[in-house]
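Here is a brisk report on the structure shown below.

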Amino acid sequence: MSAYQLEIRAVGMKYQTPQNETEAIAEISLTVSPGEFVSLVGPSGCGKSTLLDIICGLAEPTRGEARITGKVGYMLQRDHLLEWRTILDNCLLGPEIQKYNLKEARRNVLYLLERYGLGSFAHYYPRQLSGGMRQRAALIRTLAINPDILLLDEPFAALDYQTRLAIADEVANILRQERKTALMVTHDIAEAISMSDRVVVLSARPARVKSIYPIELPAGLSPLARRQENDFRSYFDAIWKELDVHVDPA
Amino acid sequence: MSIRPETSWERTIYLQRLRRQRWLILTGQIGFLFLFLLLWEVAAQLRWIDPFITSQPSRVALTLLHLHQDGSLYLHIYVTLMETFYGFILGTGGGMLLAVLLWWSPLFNRIADPYLVVLNALPKVALGPLLIVWLGNGSSAIIGMALFISVIVTIISMVSGFQEVDAEKIKLLKAFGASRLQILGKVILPGSLPSMITAVKVNVGLCLVGVIMGEFLVSRAGLGYLIVYGGQVFKLDLVMSSILVLAVMAALMYGLVSYAEGKLLRWQK
C-alpha cells in the first residue's frame, strides 16, 4: 500500500493515426494524498483529459504508470444523465454495473439525493431539471459507487457563470463532507484556486508539469469565500503568468 | 357568470379561436371525403365516367357486402395480415439481431458494409422468382419477400442509430467498468429506441408492400391476390374494394405503432 491515493509515475502518451503521430503527454509525475484536492490547469488541448483517461484505465499510457489506491469515480464535463431513466435510476447506474446490492445502493442514493437537495426530484426525468441540478445529480451518481478518489474533467464547463459559481461551491463542500480525494481538470484559474489544496500547471502539448502551487488559503472557507481573500489575487496573477497565455493580434 | 378568475378574456378568445380552427379542419377533412364520394357516385350514375373502368362507391359497398356475406373478405384480410405479421417479425427481429452483431464487431461491420450497400440498392422484387423457386409458390415465398424488403433497411438504420449514441455516454459507462454487454443493454439499446421505433414504423409499411408484391407474383389468397385477380377478370369493383380494405388496414397498423411509440417514449415528454 502506498501512502498516496494516486501516484503517477513518468507517464507519457503518444497517439497514432494513419496520418501522423501526436505526442499528447511528454512526461508527467504527480502524487495526490488522501483527502487532498488537486487541480490541473493548462492551455486547451494540452492532454489534461488524456491524463484522466489514463488514471481511470480508459486509456493505456505509452510509458510509465498511474497507480491508484482505492476506488475511482469519474465525473465528465457534461452530466450525461440518461434521458430515459429517472434521476434515482441514473444515480443507480454505477451500482448496477458493479453489481451492488441494489436495495442498499438505492437507500444510499436516496439519502444522498435528500441530503444534497434533490430528494423531491428522485423520480423526475433529467430533462425536467435545471443544468445545475443535473450536474449535482451527476455528482451523486459518481458518489453512489463510493469512490475514494474523484476525477473531475472540467465538471462545470457546460454551466452558465452564476450556476457555475454556486455548483462549484456545493461540490467542494460535498467532497469535503464526504472526505473524498479529488483531481480536477479545468481551464478556469480562479475555479482551480478557489477549490484546491494544490494547483498543478501543465505546459502546452506535449504536456509536462511546469510548476505546482500549494494554495495556502484558510482551509475551512468555502470556494466563494476563498475568492474574497487577499492572497487569492496574487495566486491568480502568478498562475496566469505561468500559463503565459498569448492572444495573437489579428 | 362563472369565469374562473385566472382565465382572462384574451385567453377565452384564444381558446375559442383554437376550438373553431380544430373544428374547421375536421369538418374539412370529413367534408372532402364525402364530396369526393358523392361526386364519384353522381358522375358514374350520370355516365360522365364509365363505372366499368372507374367503379363507383355504391358498387364498392355492394362488393364489400358480398365479400362479407360469403366470408371470403376475412379470409383474404387474414392471409395478408398474417403474411405481413410474419414478414415484419422476421425482418425487424432479424435485422435488429444482425445490427447488434455488427455493432459488437466493428471489423465485421466494415467487412459487411459494401454488401449491405449493394443489397440495399437492389430492388427486392427482382428476387421474387428466386424466392418462389426456393420457398415454393405459397405463403413462405410471400413472407420471404416481406422479410427481404425490410431486413436490410432495418440493419442499416439500426447500425447508424447505435452509432449516433453519444460516445461520452459510453465513456461514462466504461469508467464505471461496464462490460460490452452492459453497455449494449444500458445505453446502446435504450438510447436508440427512437431509431428502433422509426425502423418499426417504416417496416410495417415496407412489409405490406412486400406482401402485396409477393401476392401479385404468386398466391391463391390475400388482398394482393384479390387485386390482381380483379384486374385480370376486369372486375374493377373488386380491385377498388380491396384497395379500400388495404388502406384501412395500413392506417390501423400505423395507428397501432404510433400508440406503442407514445407508450414507449414517455420520457421524452
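## Chain B overall

Of the 269 residues in chain B, 31% are buried. This is a predicted model. The secondary structure of chain B comes to 12 helices and 0 strands. From the N terminus on, its elements read α-α-α-α-α-α-α-α-α-α-α-α.

Chain B has a radius of gyration of 25 Å, whereas a compact globule of 269 residues would come near 18 Å. Along the principal axes, the C-alpha atoms of chain B fill a box of roughly 75 × 75 × 30 Å. Take the contacts in chain B between residues at least 6 apart in sequence: 73% of them join residues at least 24 apart.

## Helix α12 of chain B and its partners

Helix α12 of chain B covers residues 236-264. Helix α3 of chain B, residues 57-69, meets α12(B) with the axes coming within 9 Å and crossing at roughly 75°. An angle from 65 to 115 degrees counts as roughly perpendicular, so α3(B) and α12(B) are roughly perpendicular to each other. On the α3(B) side the contact uses B:Arg59, B:Val60, B:Thr63, B:Leu64 and B:Leu67. On the α12(B) side it uses B:Asp237, B:Leu238, B:Met240, B:Ser241 and B:Leu244. By class, this contact of α3(B) with α12(B) has 6 nonpolar, 2 polar and 2 charged residues.

Helix α10 of chain B, residues 193-217, also packs with α12(B): the axes come within 10 Å and cross at roughly 170°. Angles over 145 degrees count as roughly antiparallel, so α10(B) and α12(B) are roughly antiparallel to each other. From α10(B) come B:Leu193, B:Ile197, B:Val200, B:Lys201, B:Val204, B:Gly205 and B:Leu208. They meet B:Ala250, B:Met253, B:Tyr254, B:Val257, B:Glu261 and B:Leu264 in α12(B). The contact of α10(B) with α12(B) has 10 nonpolar, 1 polar and 2 charged residues.

## A buried valine

B:Val159 lies in helix α7 of chain B, residues 139-164. Is B:Val159 buried or exposed? It counts as buried, because it has 23 C-beta neighbours inside 10 Å and the cut-off for a buried residue is 20 or more.

Which residues does B:Val159 touch, leaving aside those up to four places away in sequence? They are B:Ala99, B:Leu102, B:Trp103 and B:Asn109. B:Trp103 is 56 residues from B:Val159 along the chain, yet their C-alpha atoms are separated by 6.6 Å.

## Where the chains meet

The contact takes 16 residues from chain B and 15 residues from chain A. On the side of chain B that touches chain A, the elements that give two or more residues are α8 (167-175) and α9 (180-191) of chain B. The largest share of that side, 7 residues, comes from α8(B). By class, the side of chain B that touches chain A has 8 nonpolar, 2 polar and 6 charged residues.

## The sheet of chain A

In chain A, 9 strands form an open sheet with mixed pairing. The strand order is β4-β1-β2-β9-β8-β3-β7-β6-β5. The edge strands are β4 (63-68) and β5 (72-75) of chain A, and each pairs on one side only. With direction ignored, neighbouring strands of this sheet are turned by 20° against each other on average.

Helix α9 of chain A, residues 230-243, lies across β3, β8 (198-202) and β9 (207-214) of chain A. Relative to β9(A), this helix runs at about 165°.

## Strand β7 of chain A

A:Thr181, A:Leu183 and A:Val185 point one way from β7(A). A:Ala182, A:Met184 and A:Thr186 point the other way.

Strand β3 of chain A, residues 37-41, pairs with β7(A) in the parallel sense over 5 bridges. Here A:Val38 stands opposite A:Leu183. Strand β6 of chain A, residues 149-153, also runs parallel to β7(A) and is joined to it by 5 bridges. A:Ile149 has A:Thr181 as its bridge partner in β7(A), and A:Asp153 stands opposite A:Val185.

Key: Residues are numbered from 1 along each chain as its sequence is written. Chains are lettered from A and ligands numbered from 1 in the order in which they are written. This is a predicted model: local features need pLDDT of at least 70, side-chain atom pairs count only at pLDDT 80 or more; totals for chains, interfaces and linings use all residues. Axes are lines fitted to C-alpha atoms, for helices over the stretch in contact, and angles run from 0 to 180 degrees between N-to-C directions. Helices (H or I, at least four residues) and strands (E, at least two) are DSSP runs, numbered from the N terminus. Angles under 35 degrees count as roughly parallel, over 145 as roughly antiparallel, 65 to 115 as roughly perpendicular and the rest as oblique. Two residues are in contact if their C-beta atoms, placed from the backbone, lie within 7 Å. Ala, Val, Leu, Ile, Met, Phe, Trp, Tyr, Cys and Pro count as nonpolar, Asp, Glu, Lys and Arg as charged, and the others, Gly among them, as polar. The radius of gyration is taken over C-alpha atoms; the globule rule is 2.2 Å times the number of residues to the power 0.38. A residue is buried if 20 or more other C-beta atoms lie within 10 Å of its own, exposed if 12 or fewer, and partly exposed in between; C-beta atoms are placed from the backbone. Two strands pair if DSSP finds at least two bridges between them.
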